[in-house]
Structure formats: structure tokens, C-alpha cells
Amino acid sequence: MIINAKEAFNPDTIELLVQRAQQGEQAAFEQLYQQCYRRVYGLCLRLLADQAHAEDATQEVFVQLWHKIAQFQGQSKFTTWLHSVTSNVAISYLRKQKNWLQKVVSLEDSGMEHAEIMQCQSLNGLDKLILRLPERARLVFVLHAVEGYRHEEVANMLNMAVGSSKSQFHRARKLLQEWYDNE
């Protein structure tokens with residue numbers, strides 16, 4: 001059974017695809033991939049601020065998803081679970097790619113270069129500004145403001161104090177407001 005794109009965002013349809021994928025049906029998993037790819041890639045790009053790394057992390061999310069989909073028990077929405085898996089994979093990817101301590105301590109790291117951001121044609125103004133944020137501030141901002149995690153959860157995910165999460169969020173908001181006012 002093939003589900004068309006208009007039906008795919010219907011929660012019942014997504015749940016049906018998930019159930020079929022849990023039974024090992026590759027075609028259902030492929031349709032789930034088609035429907036969720038952009039959301040997963042968007043979150044990876046916001047967290048990693050690098051198109052190539054976001055593409056790699058997105059693929060890793062779907063590889064893990066294929067292996068872990070049987071573990072999804074439906075206690076939350078599938079998209080909530082998918083966003084959690086995506087956030088965890090992106091943060092792990094970031095830690096593996098670069099010396100985590102160096103990235104976390106560095107105050108000079110300002111995210112993606114402006115020229116690289118301009119190449120991301122599909123991004124709106126706020127997304128482009130988010131990519132310019134320093135890494136720690138960007139991670140906290142995306143996880144808290146965009147994805148809705150509480151500061152306690154963000155602090156746990158990023159191995160930082162709750163106060164640091166709040167401070168980085170405030171820093172991100174201040175920078176975004178400054179940049180937005182100057183655009």
C-alpha cells in the first residue's frame with residue numbers, strides 16, 4: 001500500500017507507516033523516510049551549522065531509526081521520539097567530529113560563515129541567523145526555543161549546568177535580536 005504525500009502528515013498515517021516498518025516492511029520505512037527527511041535534516045542543520053555534517057547526521061538518524069524502530073512503543077508521538085533520536089544523534093555526531101571540550105570552551109567559534117549561510121537558499125531569515133550563533137548558544141537555543149526542551153533537559157543533553165544553559169540561551173536571544181535589528 002502506497003501512501004501519498006498529502007496523507008503522510010496525518011498522525012494516523014504516520015502511525016500506520018511506523019507499525020508496518022516495525023514489522024520489517026522496507027517500503028513503509030522508505031515512505032517514512034520520505035516524509036520525515038526534511039524535518040530531520042532541518043534539525044541537524046540547525047544543531048550542527050554545517051550542510052555536509054547535517055547530511056551525514058541525517059543519514060545516521062535513519063540508520064539508527066531502522067535498527068531501533070521496533071523499540072518505539074507509542075507512549076509518545078512518533079515525531080516526538082524521532083526528534084529526540086535526531087537531537088541525540090546530532091549532538092553525538094558533533095562530539096565525535098571535533099574535540100568536544102575545545103568546541104565547548106571556545107568563545108570565538110561563531111557558527112557557519114556568512115557566505116555558507118547565504119548558500120542555504122531554503123532557509124528563512126531566522127534560520128540563517130541561528131546558524132551564525134556560537135555553537136553552545138546555538139545548541140541551547142535550538143533545543144530550548146525551537147524543540148521545546150526544558151533547560152534541565154538541555155543541560156543534561158549537553159553535559160552542562162542548568163545555569164549555563166540559561167546563560168547561553170540568553171546570549172543567543174541577545175545576539176539574534178541584535179542581528180535581526182541590523183538586517
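Mentor: Let us go from the overall make-up to some single residues.

Mentor: This is a predicted model, in which local features need pLDDT of at least 70 and side-chain atom pairs count only at pLDDT 80 or more, while totals for chains, interfaces and linings use all residues. Residues are numbered from 1 along each chain as its sequence is written, and side-chain values use heavy atoms, with hydrogens and water left out.

Trainee: Okay, how many helices and strands are there in the protein?

Mentor: The protein has 11 helices and zero strands, where helices (H or I, at least four residues) and strands (E, at least two) are DSSP runs numbered from the N terminus.

Trainee: And how much of it counts as buried?

Mentor: Of the 183 residues, 44% count as buried, meaning under 20% relative accessible area, with exposed being over 50% and partly exposed in between (1.4 Å probe, protein chains only).

Trainee: Switching topic, which helix holds Phe169, and is Phe169 buried or exposed?

Mentor: Phe169 sits in helix α11 (residues 162-182) and is buried, with a relative accessible area of 12%.

Trainee: What does Phe169 touch?

Mentor: Leaving aside residues up to four places away in sequence, Phe169 touches Val140, Phe141, His144, Ala145 and His151, a contact being heavy atoms within 4.5 Å. Ala145 is 24 residues from Phe169 in sequence, yet their C-alpha atoms are 8.4 Å apart in space.

Trainee: Which residues of α9 are buried, then?

Mentor: Among them are Val140 and Phe141, both of which are touched by Phe169. After α9 comes Gly148, whose phi is positive, near 85 degrees.

Trainee: Last one: how many disulfides are there?

Mentor: The count comes to zero disulfides, taking a disulfide as a pair of cysteine sulfur atoms within 2.5 Å. Cys36 is buried at 3% relative accessibility, and Cys44 is buried at 0%.
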